[in-house]
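Please keep the sequence and the structure in view while reading.

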Amino acid sequence: MLIAQILGCVKQLFCFCRVVCFGVKEFHRSYTEILANIKEKRKKRFSLTFLEHIKDIEQLNISDSDVVFVIGTNSDWILNTVLICAALFSEKIIVLGNHERPHGTKTYSVVSGDIENDIRTLYSYLKSYGKNKIALYGINPDSTSDSLKMECFLSSGGLKTDLFYNDSSLKNCYNSFISNGISYDGIICVNDYAAISFIKHN
């Protein structure tokens with residue numbers, strides 16, 4: 001179902017937001033601003049309510065015309081939240097995040113970027129300039145989008161030994177990078193936070 005079609009008859013818009021990444025507050029705020037702009041433009045059409053926990057939905061008065069946004073980076077959390085919401089919102093669910101809808105699940109909309117093309121383009125760009133040792137830096141193991149970036153990096157020609165994880169902190173990620181002993185001439189950071197951290201520590 002197209003988002004335009006969904007929003008065309010909305011009276012109330014609910015939003016569950018859980019973002020697992022470095023700098024959660026900044027990332028959450030960016031989504032808040034986006035949805036706040038939607039609310040401002042359509043304030044005569046519907047109200048916007050932010051929810052942090054799925055249990056909060058039990059206290060709401062939901063009608064057939066209401067829609068829910070599910071925002072997150074963890075695919076399991078997204079899917080569990082969607083399955084709970086499906087009983088109340090049917091197909092009027094919009095997921096913002098790099099999430100692949102499992103086969104056989106009820107229809108819902110997903111808004112995501114073209115990660116595969118982005119990583120392949122970056123990798124090809126670096127290779128075209130003679131960069132032969134390229135690293136993927138700052139991977140969050142709990143992030144669906146980072147996992148997809150990792151898969152695309154490997155399928156583009158990257159090696160598993162060139163993957164650097166943000167398991168507990170980006171500082172530890174950097175320490176792992178410099179202790180690797182390999183001289184890299186190209187680095188792809190999975191997000192802005194990883195890039196800023198790398199520059200700061202380098």
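## Two helices that cross: H6 and H7

At roughly what angle do the axes of H6 and helix H7 cross, and within what distance do they come? In this predicted model, the axes of H6 and helix H7, the latter made of residues 192-201, come within 10 Å and cross at roughly 60°. The crossing in which H6 passes H7 is right-handed.

On the side of H6, the contact is made by Leu 170, Lys 171, Tyr 174 and Phe 177, while H7 contributes Tyr 193, Ala 194, Ser 197, Phe 198 and His 201. Sorted by class, the residues of this contact of H6 with H7 comprise six that are nonpolar, two that are polar and one that is charged.

Another pair of helices can be described in the same terms. The axes of H4 and helix H5, which covers residues 144-156, come within 9 Å and cross at roughly 45°, and that makes H4 oblique to H5. The crossing of H4 and H5 is right-handed.

From H4, the residues that make the contact are Ile 115, Glu 116, Ile 119, Arg 120 and Tyr 123, and from H5 they are Ser 145, Leu 148, Lys 149, Cys 152, Phe 153, Ser 155 and Ser 156. The contact of H4 with H5 has six nonpolar residues, three polar ones and three charged ones.

## Aromatic pairs and a cluster

A pair of aromatic rings is described by the distance of the centres and the angle of the planes. The structure holds 10 aromatic pairs. In one of them, the rings of Tyr 125 and Tyr 129 have centres 5.0 Å apart and planes at 50°, so this pair is tilted. Tyr 129 has a relative accessibility of 56% and therefore counts as exposed, given that the cut-off for exposed is over 50%.

Phe 164 and Tyr 184 form an edge-to-face pair, with 5.8 Å from centre to centre and 85° between the planes. Because Phe 164 lies in strand S7 (residues 163-165) and Tyr 184 in the loop between helix H6 (170-178) and strand S8 (186-189), the pair ties together parts that are 20 residues apart in sequence. Both Phe 164 and Tyr 184 are buried. These two residues also belong to one aromatic cluster, formed by Tyr 137, Phe 164, Tyr 174, Phe 177, Tyr 184 and Phe 198.

Ser 112 is found in the loop between strand S5 (109-111) and helix H4 (115-128), and with a relative accessibility of 45% it counts as partly exposed.

Asn 202 is found in the segment after H7, and at 63% relative accessibility Asn 202 counts as exposed. The C-alpha atoms of Asn 202 and Tyr 174 are separated by 8.2 Å, although these residues are 28 positions apart along the chain.

## The chain as a whole

The secondary structure of the chain comes to seven helices and eight strands. Of its 202 residues, 38% count as buried. Among the contacts in the chain with a separation of 6 or more, 68% are accounted for by residues 24 or more positions apart.

Methods:
Residues are numbered from 1 along each chain as its sequence is written. This is a predicted model: local features need pLDDT of at least 70, side-chain atom pairs count only at pLDDT 80 or more; totals for chains, interfaces and linings use all residues. Side-chain values use heavy atoms; hydrogens and water are left out. Rings of Phe, Tyr and Trp (its six-membered ring) pair if their centres lie within 6.5 Å; planes under 30 degrees apart count as stacked, over 60 as edge-to-face and the rest as tilted. Buried means under 20% relative accessible area, exposed over 50%, partly exposed in between (1.4 Å probe, protein chains only). Helices (H or I, at least four residues) and strands (E, at least two) are DSSP runs, numbered from the N terminus. Axes are lines fitted to C-alpha atoms, for helices over the stretch in contact, and angles run from 0 to 180 degrees between N-to-C directions. A crossing is left-handed if the near helix is turned anticlockwise from the far one by less than a right angle, and right-handed if clockwise. Contact means heavy atoms within 4.5 Å. Ala, Val, Leu, Ile, Met, Phe, Trp, Tyr, Cys and Pro count as nonpolar, Asp, Glu, Lys and Arg as charged, and the others, Gly among them, as polar. Angles under 35 degrees count as roughly parallel, over 145 as roughly antiparallel, 65 to 115 as roughly perpendicular and the rest as oblique.
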